Amino acid sequence: PTRRSSDLVLGVFGVVFKEMFSITDTLYSILQVKHQDVVYCIDQVNTSINRIKLLRSFESATFLFNEAKKITSLKQPRGVVEADLLNKYSVLQYEILDNIITQLTERFQDFSKLEFVTLFDSSKFKSYQTAFPNEGLECLSSTYKDVFDLALLKSELSVVYFDSQFHGQHIQQCVKLLKEFQDSGLLMEVYKLFCLIMTIPSTSVSVERNFSCLKRIKTYLRNSMTEERLSSLATISIEKDLINFLVNNDGQFYEKIIDRFSLLKDRRIDLIYKN
């Protein structure tokens, strides 16, 4: 009976987490994309939370309990009523789901404060000409009211939305275009807003991805490196796209790095080949 109970518990854990991970993995993939549309991200988070809540029902508990029994291939223990087992493992399932729902809700509770990022969505600039994103402006007002002249900002944004050279452009390119107007003092509020948006990602996923690279750099077998070396290796790992770009545009990139490294101080090996 003890073995049967433990196997059934593992089975319940298995089917519950399988269903839950099918939802959270989809959300993870969406948030990994560098979206500027915060409203879309918020909608996907809420959708995932609601899908997990649907698992918290008697029908779902019954279905997952029967699936767990199939996986473990266990017969009904003697003297044990199936309804009692179902109630027992339903409580376990509810506790798991409640914990995940609470964690997701707390993690993304301030997500709506970044809704002002939708003011820059170059793919929607054409639609913004007739339907200005006032919700994003109101969000900006509640967070950065003292930083921007909101009336002037709205006027300048309308100019940008009607200017076709900004349509479909990445935010870095838009900032470069706006910088050309600085000397004449035009579109200063929009320039300030776009600079702010460029420094605030829609999610923290990219930041967490950078921190996760430390696990690959500083392992249990390589934990005695200096802070300077760790920082340098982390920078190389985080900026690997830039490194690949430099390598592709300069066939001698690695050779130049080796030559510069070899000249820093005397080393035990000769890094520069001499004829």
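**Close-up 1. The lining of the second largest cavity divides into 6 nonpolar, 2 polar and no charged residues.** Here Ala, Val, Leu, Ile, Met, Phe, Trp, Tyr, Cys and Pro count as nonpolar, Asp, Glu, Lys and Arg as charged, and the others, Gly among them, as polar. This is a predicted model, in which local features need pLDDT of at least 70, side-chain atom pairs count only at pLDDT 80 or more, and totals for chains, interfaces and linings use all residues. Residues are numbered from 1 along each chain as its sequence is written, and side-chain values use heavy atoms, with hydrogens and water left out. Around the cavity you will find V12, A61, L64, F65, L86, Y89, S90 and Q93. Helix α4 (82–107) gives the most to this lining, with 4 residues. A cavity is a set of points on a 1 Å grid over the protein atoms alone where a 1.4 Å probe fits but cannot get out, and lining residues have an atom within 4 Å of a point.

**Close-up 2. R56 forms a salt bridge with D98.** Their closest N and O atoms are 2.7 Å apart (a salt bridge is a side-chain nitrogen of Lys or Arg within 4 Å of a carboxyl oxygen of Asp or Glu). R56 lies in the loop between α2 (38–54) and α3, while D98 sits in helix α4, so the pair ties together parts 42 residues apart in sequence. Helices are DSSP runs (H or I, at least four residues), numbered from the N terminus.

**Close-up 3. Helix α6 (residues 134–144) packs with helix α7 (residues 150–162).** The contact (heavy atoms within 4.5 Å) is made by N134, L137, L140 and S141 of α6 and L150, L153 and K154 of α7. By class, these are 4 nonpolar, 2 polar and 1 charged residues.

Definitions and conventions: Axes fitted to C-alpha atoms, helices over the stretch in contact; angles between N-to-C directions. Helix = DSSP H or I, 4+ residues; strand = E, 2+ residues; numbered from the N terminus. 1 Å grid on protein atoms, 1.4 Å probe; cavity = no way out; pocket = protein on both sides within 12 Å on 5 of 7 lines; lining within 4 Å.
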